[in-house]
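The entries follow in the order in which I looked them up.

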Amino acid sequence: MSVPFFHSEDGFPFVDAMKSNNVDLYKTVFSPDIGPSLAFIGFVQPASGGLLPVSEMQARWFLELCCAMEGDASKCQVPNVQLPSKSKMLASIAADKAEIARCAAFSDRSRLCCCMTRALH
């Protein structure tokens, strides 16, 4: 995967890992180092189903986080939505990777795989 508009020397260390699809993104969307201000929508290979419904869910989640960051909960459909702490995100990423290793053949592509049940919890 290539993201030429981000550079590791500009404070995006996860970019180097993207070259091998070995990206530590919480629920395949958020970098624990950056938080809710940047979302990678559609950077996932669903284990079943299509990419478009998963991407739509990711986009809706990001929109709710943006709404919550604005501070006006009346505009949000899901009030008080927020990301967990960095340590909880890292623990979830580790659990997701263990699940992928258990249920998918290891390849560069499988590193972006997500099981829908884990992605939604």
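Entry 1. In this predicted model, I looked up Glu56 and found that its side chain forms a salt bridge with Arg60, with 2.6 Å between the closest N and O atoms. Both residues belong to helix 2 (residues 51-70), where they are four residues apart and thus separated by about one helical turn. I then checked accessibility: Glu56 is partly exposed at a relative accessible area of 40%, whereas Arg60, at 54%, is exposed.

Entry 2. I asked how many salt bridges the whole structure holds. The search finds three.

Entry 3. I turned to Asp24, which forms a salt bridge with Lys97; the closest N and O atoms are 2.4 Å apart. Asp24 lies in the loop between helix 1 (14-18) and strand 1 (45-46) and Lys97 in helix 3 (residues 86-103), so this pair ties together parts 73 residues apart in sequence. Asp24 has a relative accessible area of 36% and is partly exposed. Lys97 is likewise partly exposed, its value being 33%.

Entry 4. I next looked up Lys86 and noted a salt bridge to the side chain of Asp33, at 2.7 Å from N to O. Because Lys86 lies in helix 3 and Asp33 in the loop between helix 1 and strand 1, the pair ties together parts that are 53 residues apart in sequence. I recorded Lys86 as partly exposed, with 43% relative accessibility. Asp33 counts as exposed at 52%, the cut-off for that class being over 50%.

Terms used:
Residues are numbered from 1 along each chain as its sequence is written. This is a predicted model: local features need pLDDT of at least 70, side-chain atom pairs count only at pLDDT 80 or more; totals for chains, interfaces and linings use all residues. Side-chain values use heavy atoms; hydrogens and water are left out. A salt bridge is a side-chain nitrogen of Lys or Arg within 4 Å of a carboxyl oxygen of Asp or Glu. Helices (H or I, at least four residues) and strands (E, at least two) are DSSP runs, numbered from the N terminus. Buried means under 20% relative accessible area, exposed over 50%, partly exposed in between (1.4 Å probe, protein chains only).
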